[in-house]
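Subject: Structure for you to look at

Hello,

Please find the structure below.

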Amino acid sequence: MEKLRLDKIVSATGLYSRREVKALVRQGRILADGRVVRSADEKFDPEGTELLLDGRRVDYQEYTYLMMNKPAGVLSATEDDKGRTVLSLLPPELQKRNLFPVGRLDKDTEGLLLLTNDGPLAHELLAPRHHVDKVYFAQVDEEIEEADCRAFAEGMTLGDGLRCMPAQLRIGGAPDTCYVTLQEGKFHQVKRMLASRGKPVKYLKRLQMGNLTLDSALPPGAFRFLSSEELESLKNFGK
């Protein structure tokens with residue numbers, strides 16, 4: 001692996017800013033292969049050098065990948081003047097990693113949200129050419145009918161002229177519930193499509209994005225790091 005500046009390696013853990021790393025170096029608290037590091041600008045191979053901070057190993061992570069079960073009432077944004085964002089649900093050390101949500105969920109929509117600082121991967125997942133399926137569970141005001149399923153499958157033009165690609169609508173375990181699979185992610189699309197069929201949405205939750213499925217053990221507002229298998233599956237999606 002190419003050599004990187006010490007301040008970049010240590011700050012990538014999310015525990016310290018680059019300015020704080022410089023202070024740690026001045027205090028002699030960082031060792032590289034047993035010797036005290038004298039400059040935060042010095043470069044090291046993160047994989048070939050044993051870096052210790054106060055005796056604890058520093059493991060370099062270029063990117064971070066989190067799965068969150070987004071709760072209702074928070075915004076899928078990095079910052080907003082009007083309310084809390086999903087980043088506010090993370091501990092301080094993760095808030096320092098420049099994470100952002102891959103795609104957006106409406107404020108009142110729950111469910112799967114991928115947070116990362118890997119811009120290239122996010123771009124690939126959101127690229128229209130890859131047609132990444134997104135699966136939602138919805139509860140509506142009226143019963144879902146087979147005619148609604150056919151309308152979704154044929155593609156729809158909404159009242160404002162928005163043309164929607166063919167999508168899958170499946171009736172859920174109760175007649176007023178359903179599962180919607182889209183390859184698009186236009187503004188309020190699931191709600192607008194169901195409303196156009198006279199089925200206003202009362203509850204909406206995203207369950208899946210591409211090969212990534214929401215962990216049923218995650219309560220709303222909780223998150224976890226992606227497993228190596230999940231990450232590998234995401235990176236290979238569309239190849």
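A search of the whole structure finds 15 salt bridges. A salt bridge here is a side-chain nitrogen of Lys or Arg within 4 Å of a carboxyl oxygen of Asp or Glu. This is a predicted model, in which local features need pLDDT of at least 70 and side-chain atom pairs count only at pLDDT 80 or more, while totals for chains, interfaces and linings use all residues. Residues are numbered from 1 along each chain as its sequence is written, and side-chain values use heavy atoms, with hydrogens and water left out.

**Salt bridges**

One of the salt bridges joins Asp-7 to Arg-5, with 2.7 Å between the closest N and O atoms. Asp-7 is buried, at 0% relative accessibility, and Arg-5 is partly exposed, at 29%. Buried means under 20% relative accessible area, exposed means over 50%, and partly exposed is in between (1.4 Å probe, protein chains only).

Arg-29 and Asp-54 form another salt bridge, also listed at 2.7 Å from N to O. This pair links distant parts of the chain, 25 residues apart: Arg-29 is in the loop between α2 (18-26) and β2 (30-32), and Asp-54 is in the loop between β5 (51-53) and β6 (56-57). Helices (H or I, at least four residues) and strands (E, at least two) are DSSP runs, numbered from the N terminus. Arg-29 is partly exposed at 30%, and Asp-54 is partly exposed at 37%.

Glu-230 and Arg-224 also meet in a salt bridge, 2.8 Å from N to O. Arg-224 is partly exposed, at 23%. Shared partners join Arg-5, Asp-7, Lys-22 and Asp-41 into one salt-bridge network.

Arg-206 sits in strand β15 (residues 201-209). Leaving out residues up to four places away in sequence, its contacts (heavy atoms within 4.5 Å) include Arg-104, Glu-110, Lys-134 and Tyr-136.

The largest pocket holds about 570 Å³ of space. A pocket is an open set of points on a 1 Å grid over the protein atoms alone, where a 1.4 Å probe fits, with protein on both sides within 12 Å along at least five of seven lines; lining residues have an atom within 4 Å of a point. Of its 32 lining residues, Arg-104, Tyr-136, Gly-185, Lys-186 and Phe-187 are the closest to the centre of the largest pocket. At least two lining residues come from each of α4 (119-126), β10 (134-140), α6 (189-196) and β15.

The second largest pocket holds about 260 Å³. It has 15 lining residues, and Ser-11, Ala-12, Glu-62, Asn-98 and Asn-117 lie nearest its centre.

**Positive phi**

Most residues other than glycine have a negative phi. Asn-98 has a positive phi, near 60°. Asn-98 lies in the loop between α3 (92-95) and β8 (100-101) and is exposed, at 62%. His-188 also has a positive phi, near 55°. His-188 is in the loop between β14 (177-182) and α6 and is partly exposed, at 27%.

Regards

Notes. Grid points are joined across faces, edges and corners, and a volume is the space filled by probe spheres set on the points.
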